[in-house]
Amino acid sequence: DDVIIAVVGVTGAGKSTFIEKCCGETINIAGHNLVSFTQECNSYSFKIDGRTVQLIDTPGFDDTSRTDDQVLRQLASWLSFAYQQGYRLNGMVYLQTIGEPRMKGSHLTNLRMFQEMTGLEHMDSVVLTTTMWDKTDREDGKKRELQLMQEDNFWQPMIKRKSHVKRFMNDRDSALDIIRILVEKHKMVPKLQHEMNVEGKNLDQTNAGKAVNKRLIEQKERHELEKEDLRKQMEKALQENDMKYTQELLDAQEKNTSQMKDLEHAQQELKVSNERLLKGKEEQIAKAREEMEKMR
């Protein structure tokens, strides 16, 4: 069987560079491959020690063009279809740039979602990988690496459960060393994949779904507070007959209402069953195949 490894990380963590170094000069963008089958999770294949490895490039939860619930749906859809087709992951490479002096909020969100989707019971199939060493002062990098490894908010809980820690030095040797750790690992079913395909949960009932929904609720609460504040300001503006400010407040209220509707829609989109995700994926694949036939 092919070795299948998911590559995870926020934008700028070096996913593309890591994949390119693994594949060398013979990059194979497997857009036609059933392991790829979406624009969201592309598959790249190469050979190592006589084995075929497929790297799955996954979207991160800091994507400016997609909301967290959309990214989660795309990942859940890919995982469900892969499960139904009999594909199983050997492991995951989690990339984190060593160049950031502090862990950004988007990085923490991505890390939390990764933990919820994977499950702490599978952490021995994870390689926590630092990148951008060639662009970082070595001593500063060592200090940040130590912080990542020792703090509860970062990697320590995963390392306690046997996650591996490696450095990607922007070359093929270090990239392949990371891959070799996972090549002989037993196939695994990540937590999110198991919850939906084995336990039969809807997406909003999974650990990852609950985490995204919690953030949506927090955002809605902030909008409610803003709505009340805008209402009070509106009363004052009307009393003072300040029509220019009143119009600005009306625009702000309209924006607030629109954003609240988007959040409510996102919550509804999380209430999706595995069957519905699979149906959507099958329709997407059928459409893609039609397009490919037209190009021939």
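In this predicted model, the second largest cavity is lined by Gln 96, Thr 97, Ile 98, Glu 100, Pro 101, Arg 102, Met 103, Arg 144, Gln 147, Leu 148 and Phe 154. About 100 Å³ of space lies inside the second largest cavity.

**More on the second largest cavity**
- Strand S5 (91-97) and helix H4 (138-150) are the elements that each give two or more residues to its lining.
- H4 supplies the largest share of this lining, with three residues.
- By class, the lining residues divide into five nonpolar, three polar and three charged.

**The largest cavity**
- The whole structure holds two cavities of 30 Å³ or more, and the largest has about 150 Å³ of space.
- Among its 14 lining residues, Thr 58, Leu 75, Leu 79, Met 92 and Met 117 are the closest to the centre.
- Its lining has 12 nonpolar and two polar residues, with no charged ones.

**The largest pocket**
- About 500 Å³ of space lies in the largest pocket.
- It is lined by 25 residues, and Thr 67, Asp 69, Gln 70, Arg 73 and Glu 269 are the closest to its centre.
- Helix H2 gives the most to this lining, with six residues.
- The lining comprises six nonpolar, eight polar and 11 charged residues.

**Where H3 meets H8**
- The axes of helix H3 (residues 105-118) and H8 come within 7 Å and cross at roughly 150°.
- H3 and H8 are therefore roughly antiparallel to each other.
- On the H3 side, the contact is made by Thr 109, Met 113, Glu 116 and Met 117.
- H8 contributes Asn 207, Ala 208, Ala 211, Val 212 and Arg 215.

Terms used: Residues numbered from 1 in each chain as written. Predicted model: local features only at pLDDT ≥ 70, side-chain atom pairs only at ≥ 80, totals over all residues. Heavy atoms only, no water. 1 Å grid on protein atoms, 1.4 Å probe; cavity = no way out; pocket = protein on both sides within 12 Å on 5 of 7 lines; lining within 4 Å. Points joined across faces, edges and corners; volume = space filled by probe spheres on them. Helix = DSSP H or I, 4+ residues; strand = E, 2+ residues; numbered from the N terminus. Nonpolar A, V, L, I, M, F, W, Y, C, P; charged D, E, K, R; others polar. Axes fitted to C-alpha atoms, helices over the stretch in contact; angles between N-to-C directions. Parallel < 35°, antiparallel > 145°, perpendicular 65-115°, else oblique. Contact = heavy atoms within 4.5 Å.
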